[in-house]
Amino acid sequence: MRKWWTWGHRWVGLLAGLLMAMMGLTGSVMVWQAELDAALNPHWFGPSACARAGTAMQPDKPVATVLAVLAREAPQVRPAIIVAPSRPGASYQVWEARDARTGLRREHFVDPACGRYLGQRDRGAWVMDRAHAVPALYELHSRLLAGETGHLIIGSGGLLLLALAISGVVLAWPRRSSREAWRRTLSIKTDASAVRLWFDAHRALGLWLAPLLLLLPLTGAMLVFSDSARTVVSAVLPTQPRQAKPMTVDAKDTGPSAPSPALPLDELVQRAQARFPAATWSRLSLPAKAGAPIELRLLQAGEPRVDTGNTRVRLDASGRVLSQSDPLHAPAGNVLLDWVFPLHSAEALGLLARLLWTVFGLLPALLFGTGLWLWWRRRRASAASRARSRPTSASPGSY
């Protein structure tokens with residue numbers, strides 16, 4: 001079995017190593033994507049001109065104001081999601097639906113306080129300017145800039161990296177467990193030959209960082225194959241369905257039996273937020289057609305998703321609450337699933353974890369580089385050995 005473990009570890013690493021190195025290096029950058037995007041595009045993610053001048057007045061109906069400005073400046077746009085600013089005075093984002101063919105998603109930036117349309121960009125476009133650099137790297141990391149096909153390749157790459165991590169741990173594990181054996185396994189002999197030095201580095205770094213080598217590919221694959229991950233988790237832990245059945249609602253949310261008129265979006269947001277008064281809303285998913293439900297995403301204190309939250313409330317057009325999801329009081333399966341992205345991005349673990357994740361992102365490239373070099377040296381040594389053992393054409397007795 002060890003022979004097969006070695007063969008699989010070597011060839012999977014060599015054939016998929018470049019993909020895994022790219023995933024690690026871009027992941028190192030993506031840990032800081034919000035800060036980098038804000039630094040590169042302060043006119044979108046920082047206080048607006050009105051806010052800096054002290055003349056900004058937040059409208060009473062921000063959603064309606066944002067959509068009115070967008071309709072005036074870009075009437076052809078079909079908005080799908082409105083993203084509230086994470087910083088006071090910053091612009092709102094309006095996302096169009098992702099193009100299934102190209103994988104692009106167009107983002108528009110609107111400042112409702114100034115009543116201004118601030119611009120747009122295409123997520124998934126490989127354009128290395130200030131506006132597109134961070135989303136381009138994110139799309140490269142998560143979709144290879146190739147839409148759903150790239151998304152599946154990335155998920156498969158995560159599973160391969162997980163298999164490499166498992167096989168690497170199996171191969172590096174000392175055959176005889178003792179303190180001395182573990183000392184040799186986990187250390188790097190710096191005064192040895194180059195081959196021994198890089199072999200030790202490959203083995204020791206892989207073992208020291210094995211927990212992350214197992215965690216990050218697993219969570220990345222779970223994000224890509226989310227339906228399969230949910231099915232597996234639901235098989236062993238209680239899990240609330242994504243589209244829960246209509247919940248028991250308060251009397252004030254119960255409408256008459258006849259269809260009620262559709263409420264303005266800002267009022268629907270207020271009704272949804274009333275379910276979690278201490279939370280702030282981060283994203284509003286707009287109805288795909290008139291009269292369809294909306295979903296508001298909110299952030300509560302104490303959630304692992306510290307950027308957008310995972311609290312959700314669905315309402316129909318009349319304001320009746322259809323379902324809600326509260327990560328702070330969820331079944332164990334939902335708690336586990338809610339932690340997948342924050343663990344993968346380190347956003348829930350603080351600054352030290354983000355720094356560690358950043359350094360760890362260099363490891364797949366280092367392991368690939370050392371593994372490739374060791375394989376090349378082994379091939380060269382094998383070729384030289386065959387050449388030495390091959391008989392010469394002018395051996396004694398030929399004449």
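I sort residues by relative accessible area: buried means under 20%, exposed over 50%, and partly exposed in between, with a 1.4 Å probe and protein chains only.

**Ground rules.** This is a predicted model, so I keep in mind that local features need pLDDT of at least 70, side-chain atom pairs count only at pLDDT 80 or more, and totals for chains, interfaces and linings use all residues. Residues are numbered from 1 along each chain as its sequence is written, and side-chain values use heavy atoms, with hydrogens and water left out.

**Entry 1, aromatic rings.** I paired rings of Phe, Tyr and Trp (its six-membered ring) when their centres lie within 6.5 Å; planes under 30 degrees apart are stacked, over 60 edge-to-face, and the rest tilted. The whole structure gave me six aromatic pairs. One of them is Trp44 with Phe109, stacked at 3.9 Å centre to centre with 5° between the planes. Trp44 sits in helix 3 (residues 42–45) and Phe109 in strand 3 (residues 105–111), so this pair ties together parts 65 residues apart in sequence. For helices (H or I, at least four residues) and strands (E, at least two) I use DSSP runs, numbered from the N terminus. Trp44 is buried at 4%, and Phe109 is buried at 0%. I then looked at Trp173 and Trp182: their ring centres are 4.8 Å apart and the planes stand at 85°, so I logged the pair as edge-to-face. Trp173 is partly exposed at 47%.

I count two strands as paired if DSSP finds at least two bridges between them. I found an open sheet of eight strands in the order 4-3-2-1-5-6-7-8, with antiparallel pairing. Strand 4 (116–123) and strand 8 are its edges, each pairing on one side only. Strand 1 (residues 79–83) meets strand 5 (residues 280–285) over three bridges, and there Val83 has Arg283 as its bridge partner. Strand 6 (residues 294–299) and strand 7 run antiparallel, joined by five bridges, with Glu295 partnered by Arg314. How many residues of strand 7 are buried? Four of the five in strand 7 (residues 311–315) are. Strand 7 also pairs with strand 8 (residues 321–325) over four bridges, and these two form a hairpin with five residues between them. I marked Gly319 in that turn for its positive phi of about 95°.

My rule is a side-chain nitrogen of Lys or Arg within 4 Å of a carboxyl oxygen of Asp or Glu. By this rule I get 19 salt bridges. Arg98 and Glu139 form one, with the closest N and O atoms 3.2 Å apart. Arg98 lies in the loop between strand 2 (92–96) and strand 3, and Glu139 in helix 6 (residues 133–143), so the pair links parts 41 residues apart in sequence. Arg98 is partly exposed at 26%, whereas Glu139 is buried at 2%. Glu139 also meets Arg123 in a salt bridge at 3.9 Å, N to O. This second pair joins helix 6 to strand 4, 16 residues apart. Arg123 is buried at 13%. Next came Arg196 and Asp200, with 3.0 Å between the closest N and O atoms. They are four residues apart in helix 9 (residues 194–208), about one helical turn. Asp200 is buried at 1%. Finally, I traced salt bridges with shared partners joining Asp37, Arg98, Glu107, Arg121, Arg123 and Glu139 into one network.
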